[in-house]
Amino acid sequence: MPPRWKTRLLAALLACLSLPAAAADTLLLPARVWTGDGNQAHAGWAVLVHDGAIAAVGPAAGIQPPAGARRVELPGATLLPGLIDLHSHLFLHPYNETLWNDQVLKEPQDYRTLEAAKHARDTLLSGFTALRDLGTEGAGYADVSVKRAIDEGLIPGPRLFVATRAIVASSSYGPGPRGFRPDLDLPGGAQEISGADEAMRAVREQAGRGADWIKLYADYRVGPGGGTAPTLTAAELKAIVDTAHLSGRPVAAHAASDAGVRMAVEAGVDSVEHGYGASEATFRLMKQRGVAYEPTLTAVEATAEYFEHYVPGKSEPTERMKEAGRAFGTAMKLGVTIGNGSDVGVFAHGSNWREPAAMVRAGMTPAQALHAATDVAARILREQERLGRIAPGLRADLAAFAGDPSERISDLQHPVFVMKDGTVYRTPDDKPTSSEP
């Protein structure tokens, strides 16, 4: 028989790993429900959940739950579809804590994976029930393992759609080679390729390892003096996109310059990340070809705080922030599909709400920002038949917030209830820890 302290330690570990169990039937009774099918929240509505799916939604008086159903009262709160962030990095944490180079060069992958598990939990508890994670930034294929651990119930976290290593042109992504001794063999933040054959091989390898999406870097800071310029050739871009599409995987492109965005769109990518320097003509091409846009406004603001002395609410926006705002306004004017993608990891996980709030400051209505983070995001993920709205038959991924985010987007800061696949992870009775919102 093991010593008593070992028994207690085992019990404690099992308690940490144990997850909530899903009730067969749950009746949710918030003050109002925002379904994602329109712009207004419905006062006095309720939602019935059965076996992990939404069974009914409508006026509370018209929904009769089965005997023994769990009732969850959410007074003063608005129930939304679980929120979605289309641009996240679970293996990063804010650069004012540790610079990107130091995270990639000095933090062991095992430690970064444990950090990613915590980040996933913080994200779920904040009301974001799905993430597209666009690259492990030097942590290999560890995102596939985190996704598996979540899917198998070992750890709490959102639904993950992973891109594994991402694909970059050789000698064009960090750490280095600029600034480092040329005789050093540095670990890379992504998978390097040169030529169409290597591009195809990288896609096939990442797909074989478990990538749901393929991410490429169409440009980066490789120009003279560190300016942003295209990195992959048109042939390399086309090879990546065609190989990914052949296997049924969509492609996301990091692109910040007008030339980089245009080349990525012409190659057939499915979404463009950042796009700060894209021209109106290039955004018009995105609209024509149905390419989605994730503006990552919060990442620009966060890096301005860290490195440009920007103080929110006090400083004038930096030139990079103004450029990002102009791009966002152009995309809105032209009717480009805009999804909620924040680049979280640059800033703290669990504060993903900052991106919808930034989009509202940049010109969206609160309802438009909520659509970007729910039904629009689900369409970009090709998951609209399962996620993104509160409707019978869809999975019960739901989150409630004190107040009404469809009127005041800042109310997303105050999650009071989170459910994923019918399992409750947060209730109004829970007391957040210091790391939670």
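The legends below describe close-up views of a predicted model.

**View 1. Confidence along the predicted chain.** The protein has a mean pLDDT of 94, and 94% of its residues reach 70 or more. Residues 1-16 stay under 50 in pLDDT. For this stretch the model has one contact beyond four places in sequence. Where pLDDT is low, the predicted coordinates should not be read in detail.

**View 2. The largest pocket and its lining.** The largest pocket holds about 1200 Å³ of space. It is lined by 39 residues, and the closest to its centre are Tyr95, Tyr173, Tyr220, Arg221 and His254. By type, the lining divides into 16 nonpolar, 14 polar and nine charged residues. At least two lining residues come from each of these elements: α2 (100-106), β11 (214-217), β12 (219-220), α9 (297-307) and α10 (319-334). Helix α9 gives the most, with four residues.

View 3. Six aromatic pairs are found in the whole structure. In the pair of Tyr217 and Tyr220, the ring centres are 5.9 Å apart and the planes meet at 80°, so the pair is edge-to-face. Tyr217 is buried, with a relative accessible area of 4%. Tyr220 also counts as buried, at 16% relative accessibility, because the value is under 20%. Ring pairs link Tyr217 and Tyr220 with Trp100 and Tyr173 into a cluster.

**View 4. The ring pair of Phe283 and Tyr293.** Phe283 and Tyr293 are both buried, Phe283 with a relative accessible area of 0% and Tyr293 at 0% relative accessibility. Their ring centres lie 5.1 Å apart and their planes are at 70°, so this pair is edge-to-face. Phe283 belongs to helix α8 (residues 280-289) and Tyr293 to strand β16 (residues 292-294), with the two 10 residues apart.

View 5. Most residues other than glycine have a negative phi, and most peptide bonds are trans. The bond from Gly174 to Pro175 is cis, with omega near -10°. Pro175 sits in the loop between β9 (167-169) and β10 (191-193). A cis peptide bond also joins Gly176 and Pro177, where omega is about 0°. Pro177 lies in the loop between β9 and β10 as well.

View 6. Ala166 has a phi near 70°, a positive value in a residue other than glycine. Its place is the loop between β8 (159-162) and β9. Ala166 is buried, with a relative accessible area of 3%. Asp343 is not a glycine either, yet its phi is positive, at about 70°. This residue is found in the loop between α10 and α11 (354-361). Asp343 counts as buried at 10% relative accessibility.

**View 7. Ala402 and its surroundings.** Ala402 lies in strand β17 (residues 398-402). With a relative accessible area of 31%, Ala402 is partly exposed. Leaving aside neighbours within four places in sequence, Ala402 is in contact with Gly76, Ala77, Asp411, His414 and Val416. Gln191 is 211 residues from Ala402 in sequence, and the two are 43 Å apart in space, C-alpha to C-alpha.

Terms used:
Residues numbered from 1 in each chain as written. Predicted model: local features only at pLDDT ≥ 70, side-chain atom pairs only at ≥ 80, totals over all residues. Heavy atoms only, no water. 1 Å grid on protein atoms, 1.4 Å probe; cavity = no way out; pocket = protein on both sides within 12 Å on 5 of 7 lines; lining within 4 Å. Points joined across faces, edges and corners; volume = space filled by probe spheres on them. Nonpolar A, V, L, I, M, F, W, Y, C, P; charged D, E, K, R; others polar. pLDDT = per-residue confidence, 0-100. Contact = heavy atoms within 4.5 Å. Buried < 20%, exposed > 50% of the residue type's maximum accessible area, 1.4 Å probe, protein only. Phe/Tyr/Trp six-rings, centres within 6.5 Å; stacked < 30°, edge-to-face > 60°.
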